[in-house]
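These are my notes from going through one structure. I put the sequence and model here for reference.

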Amino acid sequence: MKQPGVTRALPVRGISKPGQGPGARYDSLAVTYFPSKLPCQYRRRWSVSLPCSGWVRVGPLRSNHQAYRVYRRSWTHVKRVDALKTIRMTGRCYNRRVMKKIGVLASGGDAPGMNAAIRAVTRTALFRGAEVWGFWDGYNGLLDHRVEELTTWHVAGSLRHGGSIIGAGRCEPFLDADVRIKAVEELREDGFEGLVVIGGEGSMQGAWELHKLGMPTVCIPATIDNDMPGTEITIGADTAINTAMEAIDRLQDTAAAHRRAMIVEVMGRQCGYIAIMAGLASGAEMVITPERPMELEGIFEEMRQVWLRGKRHFIIVLAEGARWGAAELAQLINESDKPYDARYTVLGYIQRGGVPTRFDRILGTRMGVKGADALLDGASGALVCWRNNRSQVLPIDELPPRGDPWDEMLGRVHAISTM
Ligand code: F6P
């Protein structure tokens with residue numbers, strides 16, 4: 001489906017033969033381009049940085065033409081010296097040749113809002129004149145050639161649905177380097193020039209490996225666990241927290257009726273984010289996460305204190321990666337000299353399905369547009385991150401690590417709100 005591309009809509013003025021002519025020779029170079037609303041503003045907004053003891057800005061450049069030449073040169077350079085990790089490119093260049101054919105896949109566990117991202121990637125690619133193909137079931141479809149061309153109609157109406165319209169999945173064979181090399185060769189043979197991978201941390205590692213093999217790949221973070229580095233939030237976490245919160249509200253009713261302790265196990269792998277946020281949102285008395293292991297004695301003591309304060313329920317939100325499973329903890333409590341009788345519920349996959357919240361729909365859409373734009377502009381080995389309320393594209397090998405989601409402030413808020 002041919003669409004009028006941005007290429008035509010926003011030409012940089014004054015360039016007759018892009019990428020040709022004598023350009024300055026830079027050993028290693030990064031170009032930062034700040035997208036502007038009007039073509040006439042381009043000139044001021046180009047700048048060039050050289051990586052000598054950090055990034056040093058030496059722009060703005062003299063003209064659009066020079067800026068564009070530098071950009072083009074640096075781009076060929078990116079490929080050459082990428083291994084040295086000296087080159088970073090961000091931003092976009094509207095009259096760079098747009099890729100003709102890209103792929104998109106959703107990998108790992110599905111997350112509500114993934115469809116919004118698939119939809120946005122598809123429509124961005126079409127808008128910019130590129131074909132977009134969806135690989136079925138994550139990297140599995142890439143290995144077995146289960147791929148389908150996506151049109152704007154394929155993705156229509158998908159915003160409001162959970163799951164993934166092109167499937168999702170984990171793919172063990174993809175961990176094998178030879179399998180990945182073959183996959184990249186086949187992708188090239190089939191004319192693919194780039195790939196958008198939507199998924200969690202494992203999927204991002206896969207994207208990084210493809211990038212290292214020369215297949216331009218950009219990753220969009222989607223996992224209910226919100227356990228990825230670099231980004232403050234991942235697609236799907238908000239919906240999962242809402243689902244957990246609603247379940248805890250119901251469980252609190254029955255716990256209070258019987259004066260019980262109720263343990264609610266939520267997902268999150270090794271990250272306590274869902275547990276903490278669902279616990280805060282529902283006023284749970286205790287949250288146990290893998291990042292903050294607790295001693296049994298501490299749990300019993302807290303329980304006694306809450307009993308003495310006259311509360312009829314004691315809700316524990318337990319993250320799945322914590323020291324005990326829900327069944328085990330309930331048994332330990334029931335065998336102890338406890339004030340409350342304990343019961344447990346494991347929410348499991350209920351948290352992964354369902355209608356995405358407006359937050360996840362918007363996040364998926366914004367990240368999808370950003371990711372596809374970045375790929376079509378030539379970015380690779382990068383993750384779309386949500387930071388300070390906006391999306392950014394950061395190199396995967398330079399992502400700031402994730403900290404403990406439970407900080408001092410949250411501790412205080414929790415203590416006060418569950419008094
Ligand atoms: O990563 C999302 C997640 O739902 C985790 O919270 C959970 O540990 C895991 O996936 C379950 O994976 P699977 O669907 O492969 O059983």
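**Around A168**

I looked up the contacts of A168 and, leaving out residues up to four places away in sequence, found A106, S107, G108, G109, D110, M114, D137 and G138 (contact: C-beta atoms, placed from the backbone, within 7 Å). The model is predicted, so I kept in mind that local features need pLDDT of at least 70 and side-chain atom pairs pLDDT 80 or more, while totals for chains, interfaces and linings use all residues. Residues are numbered from 1 along each chain as its sequence is written.

I placed A168 in the loop between helix 6 (152-155) and helix 7 (177-189) (helices are DSSP runs of H or I, at least four residues, numbered from the N terminus). I checked its distance to G109, 59 residues apart along the chain, and the C-alpha atoms are separated by 6.5 Å. A168 counts as buried because it has 24 C-beta neighbours inside 10 Å (buried: 20 or more other C-beta atoms within 10 Å; exposed: 12 or fewer; partly exposed: in between).

**Helix 4**

I counted 13 buried residues among the 14 of helix 4, so the rest of the structure largely encloses it. I noted that G129, which follows helix 4, has a positive phi, near 85°.

**Helices 9 and 10**

I found that helix 9 (residues 237-258) packs on helix 10 (residues 273-282) at about 50°, with the axes 8 Å apart (axes are lines fitted to C-alpha atoms over the stretch in contact; angles run from 0 to 180 degrees between N-to-C directions). I recorded the residues that meet, including A237 and I241 in helix 9 and Y273 and M277 in helix 10.

Note on methods: Helices (H or I, at least four residues) and strands (E, at least two) are DSSP runs, numbered from the N terminus. Two residues are in contact if their C-beta atoms, placed from the backbone, lie within 7 Å.
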